[in-house]
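Biologist: I have the sequence and the coordinates open. Could we go through them one question at a time?

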Amino acid sequence: MSAVTLNNIVKRFGTFTAVHQSSLEIAEGAFVTLLGPSGCGKTTNLRMIAGLLDPTEGEILIGGKRVNDVPIHKRNLGLVFQNYALFPHKTVAENVAFGLKYRDVPSGDIRRRVQDALELVQLPNVGERYPKELSGGQQQRIALARAIVIEPDVLLLDEPLSALDANLREDMRVELKRIQERIGVTTVFVTHDQSEALAMSDQIVVMSAGRVEQVGAPQEVYNTPSSEFVANFLGASNILEGKCTDIGADKVALEAPIFGKLAIPAEKAPLIKGPGPAKLVVRAEKLQLSQSPAPDGVVSVPAHVETVDYQGQAVRYFVRAGDTQLQAINMIDGYPFAEGTEVNLLLRPQDCAALPG
Amino acid sequence: MREGASIGWNLVRAWTVLVYIFMFLPVAVVVLLSFNASQFGSFPMTGFSFRWFVELAQNDAILRAFRTSVVLGLLTAAISTTLGVLASLALVRYRVPGANMISTLLIAPILVPEVVLAVALLLFLNFLQINKSFTLLLLGHVIFTLPFVILVVQARLVSIKRDIEEAAMSLGASPRQTFFQVTLPLMLPAVLAGALFAFTISFDDITGTLFWKPGGVETVPTQIFAMLRNSISPEINALGTVMILMTVGLPLLGLALARKLSTKSGG
């Protein structure tokens, strides 16, 4: 039985439709990320699960029970916000204990559970302090402790890392995942940050303009995007308009500009059902710049380096092959190719994906 | 050039000081004369004495007026604050049709000259054939203290993030528990400030009170006014001093309290 189910949910604000007919099954104990740009409806979905918004149509089930008419304070959910939302007039311990007061927990147990929660988030000694005496990262840990101490059926995280500094954000990402695995709570995480989504999720739900674009494991969504939007939103991709000429048992034959004829694995083109227009998806980091000849089984195309965006351990090139500009991200050891260099673009056909045109 | 500018600034400074003297000298004189031993409420001072405060404390009419003012002020503060908090909550937290219009209407009594408001209310009640009463007086005071409460409380409520209340509800607090556990404590400084405003404004008011008070009921300001018509008794100076203490001292105290509360709760 799934922990959370959305059945044909529609949410309209006046004439604006924020969420179109979306359905979703979230498995017990899973870490599911709703990923998309701002305004894609991911937060609206989260707020509907939380009970902060009522769906216009469709139904929401938590633990198999319909909760459309259950108010938020009876849903037993943990909610963590981007801005921490700690109670500024209560100490850290009082903040964490807040939810337990409404759950008939004896006071001795409250103290023990608060302490356990604070230890879980690695801040055992701040119970007597006030939230504003803590750093942003610490406040977010407290907010997390407050949400999980009540042993919620579902933990809802609304961009919890977005307000933190870049370095801290990466630490917290690991920390958050560790805690989630430890307590095994079903988690719905909302973010617009693809690296957070890829690093933390069991399953990613990519959303755009109120619709679910693709649902899958991080590797699946990344390697086999099911739409142009997904291909572009997760990492950088080159998309070339071509056509499918033949479809075999385990290979799909494509013809695309620049790279010519390619035979790509059928599992990288699951949506192509037969010959016809198709799009070739080439991830920027799969396109290797080289001045050596291509090994066997690798397609090589001459190109010209136009722009170099040096990033330290990696470099992003904009290259021109024929009249098409392509993007390539390569790990480098030493110096990148200079602007104006003539190079070969190397591409292994099995690294490509294809979409119906 | 520089010389000229500095002379100019000195003139501005001197002028500022003069304005302050103009404003506060009469108040200082009243306070000073309230300690005058002489039986005339004017200079020269013949000695220092608490005599007039003692007489004040023994004057039944004044004591009655004082009691009326305090009761009126407290009731006004209680009603205005309750209504103001509820109105602010509705206007800030819920989508009320015509919220802007309602907000303007509620604030309007500040903008309308008090005399106009006083006469209007009186005529209106005349039209409804309701007699003047203490309740009516209280009602009038509520009408023109309400805007102050609403302005102060609304400003504070806007700065309390909705997230915090949503967090409380997600943890199991009902909307009512959320209000008493989270929202009210966070807006308490503003609520207290609003209540103090309401009390002092009511305690201080004379224009509206003169129009609305039923016969035989006097508040401190109307009592002073009545006493002044006979003679300038030094008792009035003493009463003035007490009034100043209450209307200036209380808000200052409240402000200090509010500041302390809000630093504790992190603003």
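Modeller: One definition comes before the rest: two residues are in contact if their C-beta atoms, placed from the backbone, lie within 7 Å. Also, this is a predicted model.

Biologist: With that cut-off, and leaving aside neighbours within four places in sequence, which residues is Leu144(A) in contact with?

Modeller: Leu144(A) sits in helix α4 (residues 136–148) of chain A. Once neighbours within four places in sequence are set aside, its contacts are Val80(A), Val121(A) and Ile179(A).

Biologist: Is Leu144(A) buried or exposed?

Modeller: A residue is buried if 20 or more other C-beta atoms lie within 10 Å of its own. Leu144(A) has 25 C-beta neighbours inside 10 Å, so it counts as buried.

Biologist: How many Å separate the C-alpha atoms of Leu144(A) and Cys352(A)?

Modeller: Along the chain, Leu144(A) and Cys352(A) are 208 residues apart. Chain A is divided into domain 1 (2–223) and domain 2 (236–356). The separation between the two C-alpha atoms is 40 Å.

Biologist: And how far apart are the C-alpha centres of domain 1 and domain 2 of chain A?

Modeller: The C-alpha trace of chain A spans about 75 × 45 × 35 Å along its principal axes. The distance between the C-alpha centres of domain 1 and domain 2 of chain A is 38 Å.

Biologist: What percentage of the residues of chain A count as buried?

Modeller: Chain A has 8 helices and 20 strands. Out of its 357 residues, the share that counts as buried is 41%.

Biologist: Which residue in β19(A) is the bridge partner of Pro302(A)?

Modeller: Strand β16 (residues 299–310) of chain A runs antiparallel to strand β19 (residues 342–347) of chain A, and 6 bridges join them. The partner of Pro302(A) in β19(A) is Asn344(A).

Biologist: There is also the sheet β2-β1-β4-β5 in chain A. Which residue in β2(A) is the bridge partner of Ile9(A)?

Modeller: That sheet is open, with 4 strands in antiparallel pairing. Strand β1 (residues 2–13) of chain A is joined to β2(A) by 8 bridges. The partner of Ile9(A) in β2(A) is Ser22(A).

Biologist: What is the phi of Tyr84(A)?

Modeller: Most residues other than glycine have a negative phi. Tyr84(A), in the loop between β6 and α2 of chain A, has a positive phi although it is a residue other than glycine. Its value is near 65°.

Biologist: Ala85(A) is found in the loop between β6 and α2 of chain A as well. How many other C-beta atoms lie within 10 Å of Ala85(A)?

Modeller: Ala85(A) is not a glycine, yet its phi is positive, about 55°. The residue is buried. The number of other C-beta atoms within 10 Å is 24.

Biologist: Which elements give two or more residues to the side of chain A that touches chain B?

Modeller: The contact takes 21 residues from chain A and 17 residues from chain B. On the side of chain A, these divide into 14 nonpolar, 4 polar and 3 charged. The elements giving two or more residues are β6 (77–80) and α2 (92–101) of chain A.

Note on methods. Residues are numbered from 1 along each chain as its sequence is written. Chains are lettered from A and ligands numbered from 1 in the order in which they are written. This is a predicted model: local features need pLDDT of at least 70, side-chain atom pairs count only at pLDDT 80 or more; totals for chains, interfaces and linings use all residues. Domain bounds come from an automatic or database domain assignment. Ala, Val, Leu, Ile, Met, Phe, Trp, Tyr, Cys and Pro count as nonpolar, Asp, Glu, Lys and Arg as charged, and the others, Gly among them, as polar. Two strands pair if DSSP finds at least two bridges between them. A residue is buried if 20 or more other C-beta atoms lie within 10 Å of its own, exposed if 12 or fewer, and partly exposed in between; C-beta atoms are placed from the backbone.
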